[in-house]
Structures are given as structure tokens and as C-alpha cells.
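Below is a briefing on one protein chain. Please have the sequence and the model open while reading.

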Amino acid sequence: MGEQPIFTTRAHVFQIDPNTKKNWMPASKQAVTVSYFYDVTRNSYRIISVDGAKVIINSTITPNMTFTKTSQKFGQWADSRANTVFGLGFSSEQQLTKFAEKFQEVKEAAKIAKDKTQEKIETSSDHSQESGRETPSSTQASSVNGTDDEKASHTGPANTHLKSENDKLKIALTQSAANVKKWEIELQTLRESNARLTTALQESAASVEQWKRQFSICRDENDRLRNKIDELEEQCSEINREKEKNTQLKRRIEDLEAELREKETELKDLRKQSEIIPQLMSECEYVSEKLEAAERDNQNLEDKVRSLKTDIEESKYRQRHLKVELKSFLEVLDGKIDDLHDFRRGLSKLGTDN
């Protein structure tokens, strides 16, 4: 109830492999909430992350902890109490920077809180030792300077106070001894953790170098694959063009096959017609003979026509000549007829007269 969240972000959580101390094992399937909590009663700070009902991070921050950025979006820190190394993968470098800055602030606050706690323990221990030294001297002074009655009156309460102070000192010394042993054990644990962390950091540094080499190899492989993809895309485009050409060729082949079927049909018809070619040849020869005879007849007819044309021309000429002679004859005949009319009228007139 005394813990309060002071900073919250989202990240992918990883833990170092306890066997190899090199590989990272994902502690969450997706990005989860990671929060800094401050415990008011204990004056301590923790990093807590929960995935569903499972607590995947419960790390109390101590002054000797260090948060290390291993890449632009990944950071890690070692927890000796949990005997593991936590890693966080963020979606952006800005989130990683904010988390690292908050880690440094909390680390400084934990260091200050630890120093204050140490000062309080030392102060209480010194105060207990001083009160233990001053109590016998005051008792001796009162016993030297006081009378017997005063001694009798002051002895009871002083002894009671001394006993209570001695009991308190014994308890404080016992607690101090227990705290010293506890701190010695914790110091030894911290030293061992520091050694493990140093080893883990060295291994992490080696892993980082290895990851850098692997990243360089992967980047080169990625570039090679990209070039390969470009080549494959170019080949795919060429294949598509070839497919289009093949489609056009298939259409052309289908058209040619249709034309070939038509030609085959025509060839069958021609073959059927070729069966009657001899008959047609004989008929053609017969027709040719008739044609030759007709041509000869035509030639004769043309000769006759020419002769007839000549006769017609001559007859026309004679007709024109005859017309001229007939005209002159008719003119003479008309004159004779006129003379005959005149002669008749003369005869009639003579008959009348007679």
C-alpha cells in the first residue's frame, strides 16, 4: 500500500539465459507495462512489470546498479538479488533515453536514502555508546559528593535507569552486531554479484561485438538479398512480359490453327474437285475445240461482215448517187408533168371551145 508508481513506459522484456549467460530469452510475448515504484515506508525503489497474472520483473534498485544502452532501442541492467540480467527493447530511442535517465535518478535517490540510513544507524550507535560511558561517571559523582541519605535515595532509581539503559545498549549492540553480520553477508553477496555482473558485462560486451559482427553480416546479407529481390523483380517483370508475349503467341497460334483448319477444309474440297478434273479437262478440250471452231466461224463472219460493210458502203455510195440522179430525174419529171398539165389545160380549153 505504501508503494506509488512514479514513471511508466512500455517495452519488450528479456532475461539473460541462465545457462549460456549470452543469449536473451523473451519474458513477454508482446510489449508490456514497465513501471518505477517508490516504497514510502522502506524508502526504496523497484522496477516492476506484470504480464497478465505473471510478475516478470521485480527488481529493487541499489546504488551499485548500472543501466547500459547496448543499442539505439535496447538497454539492460543486472540484478544480483534476482541473479539475472534484465533487458528491455523499446519502440523508439526516445523512450530508451527517458527510461535510462529515470534509472539514473532513482539510482541517485536510492544512494542518498542508503547514506541517510547509514548515518542514522551510526548516530544511534554513537549516542548509545556515549550514554553508556556517561552513566557511570554521573553515578560516581553523585556517590562521592552526596551524603549517605542522598546515596540511599539516589541508588534505587539510578540502578533502575542504568539497568534499562544497559538493556537498551545490549539490544542495540545485538542489533548492530546482527546488522554488521547482515551487512557483511550483503557486502559479500554484492561482491559476488559484482563479480558475476562483471563477468556478465564482459560476456555481454563480447556478445555485443558478436552481435555487431552478426548485424554487419546480416546487413550485408540483407543488401545482397535486396539486390537479389531487385533482380528477381526484374526477372518477374521479364517473365510477365514473356507471359504476355506467350499469350499473344497462343492467340496467334489459335488463329493460325483456325486458318489451318479452314485451309484443310478447302484442301479437302479441292481434292474432291480434283477427282473431276479429268472430266473437266476433257470438257475443256471439247469446249476448246468448239471455241476454236467458233473462232474460225467468227473469223469468217468477220470477213463477211467486212465485205458486207464494203458492200454497204458501196451501196450507200450508189444510193447517194441514185438519190442525186433521182432528184434530177424528179425535177425533170416535175417539169414534164407541169408541161403535161399545161398541155391538158390547153386541150381542155380547146375541147370547151369546140
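How many of the 354 residues of the protein count as buried? The share is 18%, where buried means under 20% relative accessible area, exposed over 50%, and partly exposed in between (1.4 Å probe, protein chains only). This is a predicted model, in which local features need pLDDT of at least 70, side-chain atom pairs count only at pLDDT 80 or more, and totals for chains, interfaces and linings use all residues. Residues are numbered from 1 along each chain as its sequence is written, and side-chain values use heavy atoms, with hydrogens and water left out.

**Overall make-up**

- The protein has three helices and eight strands; helices (H or I, at least four residues) and strands (E, at least two) are DSSP runs, numbered from the N terminus.
- Read from the N terminus, the order of elements is β-β-β-β-β-β-β-β-α-α-α.
- Of the contacts with a separation of 6 or more, 52% are between residues 24 or more positions apart; contact means heavy atoms within 4.5 Å.

**Confidence**

- The average pLDDT, the predictor's confidence in each residue from 0 to 100, is 80 for the protein, and 75% of the residues score at least 70.
- Over residues 132-155 pLDDT stays under 50, and the model has six contacts beyond four places in sequence for them.
- Where pLDDT is low, the predicted coordinates should not be read in detail.

- Strand β7 (residues 74-79) has six of its six residues buried, so the rest of the structure largely encloses it.
- F74, Q76 and A78 are buried on one side of β7, and G75, W77 and D79 are buried on the other.
- Strand β6 (residues 68-69) pairs with β7 in the antiparallel sense over two bridges; two strands pair if DSSP finds at least two bridges between them.
- T68 has Q76 of β7 as its bridge partner, and the hairpin of β6 and β7 has four residues between the strands.
- β7 also pairs with strand β8 (residues 84-89) in the antiparallel sense, over six bridges, with L88 of β8 as the bridge partner of G75.
- The hairpin of β7 and β8 has four residues between the strands, and N83 takes a positive phi near 55 degrees there.

**Strand β1 and its partners**

- β1 and strand β3 (residues 32-39) run antiparallel and are joined by eight bridges; P5 has F37 of β3 as its bridge partner.
- β1 and β8 run antiparallel with four bridges, and F14 stands opposite G87 in β8.
- β1 and strand β2 (residues 24-26) pair in the antiparallel sense over three bridges, and F14 stands opposite P26 in β2.
- F7 lies in strand β1 (residues 3-16), and its C-alpha is 7.5 Å from that of F37, 30 residues apart in sequence.
- Leaving aside neighbours within four places in sequence, F7 is in contact with V34, S35, Y36, K98, F99 and K102.

**Surface patch**

- L326, F329, L330, L333 and I337 form a nonpolar patch on the surface, with about 420 Å² of accessible area together.
- Patches are made of residues with over 30% relative accessible area and no salt bridge; like charges are joined within 9 Å, and nonpolar side chains (Val, Leu, Ile, Met, Phe, Trp, Tyr) within 5 Å.
- A salt bridge is a side-chain nitrogen of Lys or Arg within 4 Å of a carboxyl oxygen of Asp or Glu.
- F329 is in helix α3 (residues 277-353) and is partly exposed, with a relative accessible area of 49%.

Definitions and conventions
Areas by Shrake-Rupley, 256 points an atom, 1.4 Å probe, with all protein chains shown as cover.
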